[in-house]
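Trainee: I would like to work through this model step by step. Shall we take the fold before the single residues?

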Amino acid sequence: MRHLVDSENNTHISAKNLSFYYNGHSVLHDINFRVKRGEYLGIVGPNGSGKTTLIKIILGLLSPKSGSIEVMDDLKSRIGYVPQYISETISQFPATVIEIVQTGRTAIRGILGRFSVDDARAVENAVQVSGIKHLLKRRLDELSGGERQKVFIARALATEPLILILDEPDAGVDFISQEAFYDFVSRLHKKLGLTVVLVSHDIDTVVREADSVMCINHTLVCYERADSFVKEKYLEKLRSKKERRVPRAEKNSHA
Amino acid sequence: MIRAFIAGSVIAIIAPLVGIFLVVRRYALIADTLAHITFFGVVVGFMSGLPPLLTALGTSLAAVFGIERLRTVQKLPSDSLLSLFLSGSLAIATVLISMHRGFNLNLFSFLFGSITTVSHGDIITILVLAVFVIGVIIAFYKELFFISFNEDLAQASGIRPRSFGILLLVLAACTVVVSLKIVGALLISALMVIPVLTAIGYGRGFLSTTILAVFFSLTSVIGGIFISYFWGLSSGGTIVCLALAIFVISIFINSK
């Protein structure tokens, strides 16, 4: 079930007893969480722990098998999303940066919709905020990993989002570009008041950047504020959960 | 000759227009599969007495929905499905041909293309289908571009990748049918793919790559028709050889 939450409520996303399984394998089991407006949430977990599946459920790409996910009213078109490994799937895609950023307006324009003044303004703002004006006429496959990530963020910002969802955004990006990228996301979070959901398997990055940290490994392992998060405690919980875990480990899943 | 130029120019425009979306989605083999299926449709047309281009269109559209259904419902892998439909349709077509030996010569023109067999009725069919293909691409360009770039992103934004994917295959089927008489079933996929591959090396964006691909395609088709007419060669083969020559030259220039 995927419901809409009243926009006057301070909650952007809320999950209740959320479960998802695939081919008989439990991918997510009894997940509960709430993302408040303006929160920077980091989701961590080992590879194949169900992080990407959770994001796909939030986005409506997958439906939970039981429980519910609630997304704030009218938010569907206001989620800026940067998918996993997108940077690695675009080799030889002959599009310019501006063509990619403009796809942020495709759904908003609707079928047969023209590119309006509002669309142009949203794209211009996204380009300015992201600092990619000098890249607009360049082909995407000519850019570095760091530059590409900024383009994908700009594309997400062109939707004029209230929530920014980043799924392993630093995959394939060098260390220096990663630091610059996370500084950039942090500025966006503070300047625009965006709710940010960052998915990563890098605990240190998430703890450094996010306000709160949610750890999952098919089930919810921990969910607490970043400043009180203790990595060793999390790793210990992860080990003990692994030993006791009832659901079969996910194989061939969407995660 | 005028008919051949009209039909050829129309094909030269629509083949890369559809082909660029297939190439960037790594689905270029669908053009070859549809070409073999349309050949089967042509054989059905000859046997039933119905217009071959119409039966070719019918069989290729039926195949598009069949492939898509097997891929999504039965979860069969795309490349194996394309191979199945490609070889299966050709096998049935050859069995049908061997049962009716009388129309072998006419079928040869559908396999390899022949500018001399383009009739007034063919021109009308080609123009109608071409207007449909170009109109749909202009109307849904931004959606087709988006799903070709990233299906997950498109779906998360509220675009339906599956619907537009099927629409693209329908356009590909129409393009293959339109091109049968000039380029032939065995060579049409080359015209949908080679000019696009050439243009990708030079285009500065998706739109400019598309325009360049149409330019390379027009050059190949018009040049190929001229050469084949004056030297008495197969039109389809000559057009594709010219497209290949342009591609090889472009690779050489690009590597410098």
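Trainee: How many helices and how many strands are there in chain B?
Mentor: Keep in mind that this is a predicted model. Read along the sequence, chain B follows the pattern α-α-α-α-α-α-α-α-α-α-α-α. The count for chain B is 12 helices and zero strands.

Trainee: Why is chain B as compact as a globular protein of that length?
Mentor: Start from the rule. For 256 residues the globule rule gives 18 Å. Chain B is as compact as a globular protein of that length because its radius of gyration is close to that, at 18 Å.

Trainee: What percentage of the residues in chain B is buried?
Mentor: Buried means under 20% relative accessible area. Chain B has 256 residues. The buried part of them is 55%.

Trainee: How far apart are the centres of the positive and negative side chains in chain B?
Mentor: Count the two sets. Chain B has 13 positive and 7 negative side chains. Their centres lie apart by 3 Å.

Trainee: Is Glu168(A) buried or exposed?
Mentor: Glu168(A) sits in the loop between β7 and α6 (175–192) of chain A. Its phi is near 45°, a positive value in a residue other than glycine. The relative accessible area of Glu168(A) is 6%, and the cut-off for buried is under 20%. So Glu168(A) is buried.

Trainee: What is the relative accessible area of Glu160(A)?
Mentor: Glu160(A) lies in the loop between α5 (145–157) and β7 (163–167) of chain A. Its phi is positive too, near 50°. Glu160(A) is partly exposed, and its relative accessible area is 39%.

Technical notes. Residues are numbered from 1 along each chain as its sequence is written. Chains are lettered from A and ligands numbered from 1 in the order in which they are written. This is a predicted model: local features need pLDDT of at least 70, side-chain atom pairs count only at pLDDT 80 or more; totals for chains, interfaces and linings use all residues. Side-chain values use heavy atoms; hydrogens and water are left out. Helices (H or I, at least four residues) and strands (E, at least two) are DSSP runs, numbered from the N terminus. The radius of gyration is taken over C-alpha atoms; the globule rule is 2.2 Å times the number of residues to the power 0.38. Buried means under 20% relative accessible area, exposed over 50%, partly exposed in between (1.4 Å probe, protein chains only). Lys and Arg count as positive and Asp and Glu as negative; His and the chain ends are not counted. The place of a charge is taken as NZ of Lys, CZ of Arg, CG of Asp or CD of Glu.
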